[in-house]
Amino acid sequence: MASCKKGKMKDAVFRRLVSLALITVFGIVLILILFRSNTISSLINSDIYESTESIEIIEPKIPKLLLQNELSVSLNKRNQIPPRNLDLYPKLVKDHVVIVLYVHNRPQYLQIVIDSLSRVEGISETLLIVSHDGYFEEMNKIVEGIKFCQVKQIFAPYSPHIFSNSFPGVSPRDCKDKDDPVEKQCEGTPDQYGNHRSPTIVSLKHHWWWMMNTVWDGLTETRHHSGHILFIEEDHFIYPNAYRNMQLLTELKSKKCPDCYAANLAPSEVKSRGEGWESLVAERMGNVGYAFNRTVWRKIHNKAAGFCTFDDYNWDITMWSTVYPSFGSPVYTLRGSRTSAVHFGKCGLHQGHSRNLACMDNGNVNIVVDELDKVANIKPEWEVRKYDHQAGYQAGFKGWGGWGDVRDHELCVEFAKMYV
């Protein structure tokens, strides 16, 4: 009897072990299947590589008008991930100038900009933030390959590019072109020229405004940053001396040009390479390599209503035509007389392209970098030459349109409230 009972007990134990083994194998297989399913959501959530328990997390308020989708929720979570390369660059240098690179979907352009940044003197001393207009895997992979500094990625979670069937993307009931809303029974408010919104076009202004609010007021890494932040775009080639020159400009700005709100790496005329003078230059603020501090950001943020309702889909033309004039005095920027950044883009901003369909001469950018462009070439003893009267967009310009839909106005205003 005893040996019979022992045999039954062995059989029971063996069956239990077999059951546990089968459950374990099934669990492993299920995990592998889920991993290989490769959904965008799993791609995004798999990138949490460092604990955020000790990090101050600022949850943005969800804008009204929007029902988030799975990707939008995932991007919001991903924006809270700490920077990469903390093991390589654990400390940022005191008084560093944060760099923000905002990108859309032009991977070949982005690769050129990243390559140029990798050769910038002092780049390892600072934090690079890359702000994406939505989520594009090829763009993400390029940024993940950066090893020359701390780098943080943020993704606009309310980009029209990630809402395929609803506002701010294309909604089935949206009016198109010059549709009459009453006759077509469609939704939308036309711009001053009678045209209805194009989601891929309005995305430009939405992304810039969302990025500014998030970088200055929403990110743990920058919401208490007291210095300047430098903003560049995916079609800006950055010279090796750009960072050192910007450090000098931000230091000299208050002493040499008290009227200057910002500092620029390049002339406001994008085709210009500078005058070559032995002096600093004060002129209207340009859109290539511009930097300003939190005091200026507060002034801009206070003009949210004007920015968000001006009928022009370009953020820079909106700033020149309505925001800067509202400050009550000319808005100057300080720069060197030799450029440290060049705009090289030929493609439309939201056109997008793959590596084999690039909008560049033979797929290359031919920018000459002289020896003088490899080291800081601004002298603290230089005087400032000011351009008092410059051509360009001024107060009174009505805008090029493309930004007439009331829903875009309201979403833009909501972005300004995310961290208030």
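Modeller: Happy to! One term to begin with: a helix axis here is a line fitted to C-alpha atoms over the stretch in contact, and angles between axes run from 0 to 180 degrees between N-to-C directions. Please also keep in mind that this is a predicted model.

Colleague: Thanks! At roughly what angle do the axes of α7 and α11 cross?

Modeller: They cross at roughly 70 degrees, and the axes come within 9 Å. Helix α11 covers residues 315–323, while α7 covers residues 199–217.

Colleague: Are α7 and α11 roughly parallel or roughly perpendicular to each other?

Modeller: Angles from 65 to 115 degrees count as roughly perpendicular, so α7 and α11 are roughly perpendicular to each other.

Colleague: Which residues of α7 and α11 make the contact?

Modeller: On α7 they are L204, K205 and W208. On α11 they are W315, T318 and M319. By class, that contact has four nonpolar residues, one polar and one charged.

Colleague: Let's turn to the nonpolar cores. How many residues are in the largest one?

Modeller: There are 49 in that core, and W208, W209, F231 and F292 touch the most other members. Helix α7 gives the largest share of this core, with nine residues.

Colleague: W208 again! What is W208 in contact with, leaving aside neighbours within four places in sequence?

Modeller: W208 is in contact with Y102, Y290, F307, W315 and M319. There is also a second, separate core of 47 residues, which includes I123, V130, I142 and I146.

Colleague: Changing topic: where does N85 lie?

Modeller: N85 is in the loop between α3 (70–78) and β1 (98–103). The N85 side chain reaches the backbone oxygen of I146 at 3.0 Å. Not counting residues up to four places away in sequence, N85 touches I146, K147, C149, Q150 and V151.

Colleague: And why does N85 count as buried?

Modeller: Buried means under 20% relative accessible area, and N85 counts as buried because its relative accessibility is 7%.

Colleague: Got it. Where is W403?

Modeller: W403 sits in the loop between β11 (384–386) and α12 (406–416). With a relative accessible area of 0%, W403 is buried. The side chain of W403 reaches the backbone oxygen of C308 at 2.8 Å. W403 and T189 are 214 residues apart along the chain, yet their C-alpha atoms are separated by 9.2 Å.

Colleague: How many residues of α12 are buried?

Modeller: Eight of its 11 residues are buried, so α12 is mostly covered. Among them are R407, D408, H409 and L411. The buried residues of α12 pack against α7, α9 (294–301) and α10 (304–309).

Colleague: What caps the N-terminal end of α12?

Modeller: That's D405, with a side-chain oxygen 2.9 Å from the backbone nitrogen of R407.

Colleague: Last one: is N293 buried or exposed?

Modeller: N293 is buried, with a relative accessible area of 16%. N293 is found in the loop between β8 (290–292) and α9.

Colleague: Which backbone nitrogen does the side chain of N293 reach at 3.2 Å?

Modeller: The N293 side chain reaches the backbone nitrogen of T295 at 3.2 Å. The backbone nitrogen of V296 also lies 3.2 Å from a polar atom of the N293 side chain. Leaving aside neighbours within four places in sequence, N293 is in contact with W216, G227, H228 and K253.

Note on methods:
Residues are numbered from 1 along each chain as its sequence is written. This is a predicted model: local features need pLDDT of at least 70, side-chain atom pairs count only at pLDDT 80 or more; totals for chains, interfaces and linings use all residues. Side-chain values use heavy atoms; hydrogens and water are left out. Helices (H or I, at least four residues) and strands (E, at least two) are DSSP runs, numbered from the N terminus. Buried means under 20% relative accessible area, exposed over 50%, partly exposed in between (1.4 Å probe, protein chains only). A polar contact is a pair of N or O atoms within 3.5 Å; within protein, one must be able to donate a hydrogen and the other to accept it, and residues adjacent in sequence count only if both atoms are side-chain atoms. Contact means heavy atoms within 4.5 Å. A nonpolar core is a set of buried Ala, Val, Leu, Ile, Met, Phe, Trp, Tyr and Cys residues joined through side-chain atoms within 4.5 Å. Angles under 35 degrees count as roughly parallel, over 145 as roughly antiparallel, 65 to 115 as roughly perpendicular and the rest as oblique. Ala, Val, Leu, Ile, Met, Phe, Trp, Tyr, Cys and Pro count as nonpolar, Asp, Glu, Lys and Arg as charged, and the others, Gly among them, as polar.
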